[in-house]
Amino acid sequence: MNAMQNSVERARITGPGPCPTITTARLTLRPHRMSDADAIAQSLADFQVSRMLARVPAPYDRQDASEWLAVTTTDLNDGWAFAITAGDDVHIGCVSFERRSSGWEIGYWLNRFYWRRGYMSEAVHAAISRFLMRMPGTEIHSGIFADNLASLRVQEKAGFRITGCSEVFSVARAAMVPHLETVLAPGDFRPASPRH
């Protein structure tokens, strides 16, 4: 391969590459599988979870999960979507990176029975750390509904800062909801503290 072909190949690589598997102290983050559909449907059928996500309908069922997985488990997108598992390989949540009009955006959710254990912070820190290894210097956008303070704490621990406030339509709530926009600027990422 000559130098010209090499530079053309590099120009085509715009994403972080294939979704890896990441192991943390308590979790494994892995690519999704079609067999995750039942667990995803069970988690997102819980209105306490779906109400905090902009694009998830309520009620949410197995067909919704299967349709999402049909795209997520292919090479049709250039982002990452990690299944969060806690030792038994059962899907308990998701962390994803998606290219949007504003740039790269992270989103996440966790089955309500796993809340308040620090799992989401652990997963988000691990996912961002690996993403920035593949995409150094990348600004990462996100946001939270204003009534989701637990999610805001997850982001603040990682180094995100609030950049604005707007209203975003929540499909599950069928209403416009106050929304805080956040960003993790290059160099602001705070790696997770070691767990003892």
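## Exercises on a predicted model

**Exercise 1.** Which residues of helix 2 are buried?

*Solution.* They're Ala37, Ala39, Ile40, Ala41, Ser43 and Leu44. Buried means under 20% relative accessible area, exposed over 50%, and partly exposed in between (1.4 Å probe, protein chains only). Helices (H or I, at least four residues) and strands (E, at least two) are DSSP runs, numbered from the N terminus.

A quick word on the ground rules: this is a predicted model, where local features need pLDDT of at least 70 and side-chain atom pairs count only at pLDDT 80 or more, while totals for chains, interfaces and linings use all residues. Residues are numbered from 1 along each chain as its sequence is written, and side-chain values use heavy atoms, with hydrogens and water left out.

Now step back to the whole helix: helix 2 spans residues 37-44, and six of its eight residues are buried. The cover over those buried residues includes helix 3 (47-50), helix 4 (62-72), strand 4 (91-100) and strand 5 (103-110).

**Exercise 2.** Where do Arg51 and Asp147 lie?

*Solution.* First, the pair forms a salt bridge, with the closest N and O atoms 3.1 Å apart. That term means a side-chain nitrogen of Lys or Arg within 4 Å of a carboxyl oxygen of Asp or Glu. Arg51 sits in the loop between helix 3 and helix 4, and Asp147 in the loop between strand 6 and helix 6, so the pair ties together parts 96 residues apart in sequence.

Then look at Asp147 again: Arg173 forms a salt bridge with Asp147 too, the closest N and O atoms being 3.0 Å apart. Why does Asp147 count as partly exposed? Because its relative accessible area is 38%.

Note on methods. Contact means heavy atoms within 4.5 Å.
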